[in-house]
Amino acid sequence: MTETPAHIPPELRALGWDEEWQAVFLEAGREGTQPARLAVPRKKSYTVMTATGEHEAVVPGKTWHTQGAAGQPVVGDWVALEVVSDTASPVIRAILPRRTILTRKMPGEKVAEQFVAANVDVLFIVCGLDQDYNVRRIERYLALAREGGVKPVVLLNKEDLVEDAARFRDEVTESAGEAAVLSMSAKDGTNLEALEMFLGAGVTAAFIGSSGAGKSTLINALLGEERQDTQEVIEGTDRGKHTTTRRELIPLGDRGILIDTPGLREIQLWGDESSLDDIFADIAALTEHCRFRDCSHTSEPGCAVLEAVESGELSEKRVESYHKLSRELRHLATRRNEQARLEEKQKNKRFHKMIRKSPKPRPW
Ligand SMILES: Nc1nc2c(ncn2[C@@H]2O[C@H](COP(=O)(O)OP(=O)(O)OP(=O)(O)O)[C@@H](O)[C@H]2O)c(=O)[nH]1
Ligand SMILES: [Zn+2]
């Protein structure tokens, strides 16, 4: 006999909740909690969205310190929220295991991974067809998306400023592997509908790109209105002081959910070389034909990469870019602090332990 699937309220679906999340959540069987999605991480609290609306939630202090970076919820996370009483702040009891995670290198001396956004399905890489245009940067963003398990889509914005958008599309397509490359104008709405092909009910899309590339204009165009800043009253020492913050998670009804977070706006590369081979699939294929197995593709005789450059089949700039990225990745790899990954692993372990501890899963 098959069980009838539990009913999912449309308000939760609009936030990206689906049967698969539901199954994980029910299995965990945490009594007294409900699913909530993280909309704004703040210093001491988190704005979360549930089937019934927005709440200002907290994480118990202990969890905070024992779990480290991976234990901190980020925008896009699904959490188990416990609403204790009408007066007390709701408490985040657990973070559901993430489907995807976008990360960046933490600024400063110590190399550590910082989690920026979770459970993103599509990453829109926005690049202006003005002085912002830079194929190498797009390649980095592509690598970042792939490392996080997120599907990248390149948006060449401001096509109204150029005569031959197709030329740019072709150039980027050469570097983009399987990723779709679109040109458009957020300002006059040209080709905006092409973007909608990647959105849809339950799909979470995030935006990345330099300042001025047009992300806000694009999001407003998708919303069909100016995004409103949300007013917030800080309590405690700054009692009564009004600050405005932006909601970073924007539900679009049955067209999906948008994530726009400052953490994604300026990002450094963090990853490994497997993505390099993915981005530079053409070069990776050539390296198989080099005479020496440990060819560095810089000066060796019989190097298939150098031969391809010689014959004009491969651009020299692309090879330079390959070497540069590969050097950076190696450098990072040796300095890498495995801590963040370890923490995520342990957190998942803990989550599954929690599942095992509750023999009778109950619906929430
Ligand atoms: N010509 C043209 N200008 C655009 C287009 N899209 C955005 N702009 C302009 O580019 C400027 C920057 O746009 P924003 O949307 O603020 O860029 P952003 O990526 O959100 O920038 P940050 O908020 O700094 O990260 C604004 O003056 C927009 O009007 C476009 O398609 N064509
Ligand atoms: Zn070679």
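Are E139 and R318 buried or exposed? In this predicted model, E139 is buried, and so is R318, and the two side chains meet in a salt bridge with an N to O distance of 2.9 Å. Because E139 belongs to helix α4 (residues 135-147) while R318 belongs to helix α12 (residues 316-335), this pair ties together parts that lie 179 residues apart in sequence.

**Salt bridges**

Side chains of opposite charge can pair when their charged atoms come close. The count for this structure comes to twelve salt bridges, and the table below gives three of them, including the pair already described.

| Salt bridge | Distance (N to O) |
|---|---|
| R42 and E56 | 2.8 Å |
| E139 and R318 | 2.9 Å |
| D164 and R167 | 3.0 Å |

In the pair of R42 and E56, R42 sits in the loop between β1 (33-41) and β2 (46-50), whereas E56 is part of strand β3 (residues 53-57), and the two are 14 residues apart. E56 counts as partly exposed, with a relative accessibility of 34%. In the pair of D164 and R167, D164 is partly exposed at a relative accessible area of 34%, and R167 is also partly exposed, at 47%. Salt bridges with shared partners join R136, E139, D282 and R318 into one network.

**The zinc site**

The zinc ion (ligand 2) is coordinated by C290 (SG), C295 (SG), H297 (ND1) and C303 (SG), at 2.1 to 2.4 Å. The angles among these four donor atoms run from 101 to 117 degrees, and the site is tetrahedral. Along the sequence, the donor residues follow the spacing C-x4-C-x1-H-x5-C. C290 is buried, with a relative accessible area of 10%, and C295 is buried with a value of 10%.

Conventions: Residues are numbered from 1 along each chain as its sequence is written. Chains are lettered from A and ligands numbered from 1 in the order in which they are written. This is a predicted model: local features need pLDDT of at least 70, side-chain atom pairs count only at pLDDT 80 or more; totals for chains, interfaces and linings use all residues. Side-chain values use heavy atoms; hydrogens and water are left out. Donors are N, O and S atoms within 2.8 Å of the metal (3.2 Å for Na, K and Ca); water is not among the atoms, so sites may look incomplete. Four donors count as tetrahedral if all angles lie between 85 and 135 degrees; four count as square planar and six as octahedral if opposite donors are over 155 degrees apart and all others between 65 and 115; anything else is irregular. Buried means under 20% relative accessible area, exposed over 50%, partly exposed in between (1.4 Å probe, protein chains only). A salt bridge is a side-chain nitrogen of Lys or Arg within 4 Å of a carboxyl oxygen of Asp or Glu. Helices (H or I, at least four residues) and strands (E, at least two) are DSSP runs, numbered from the N terminus.
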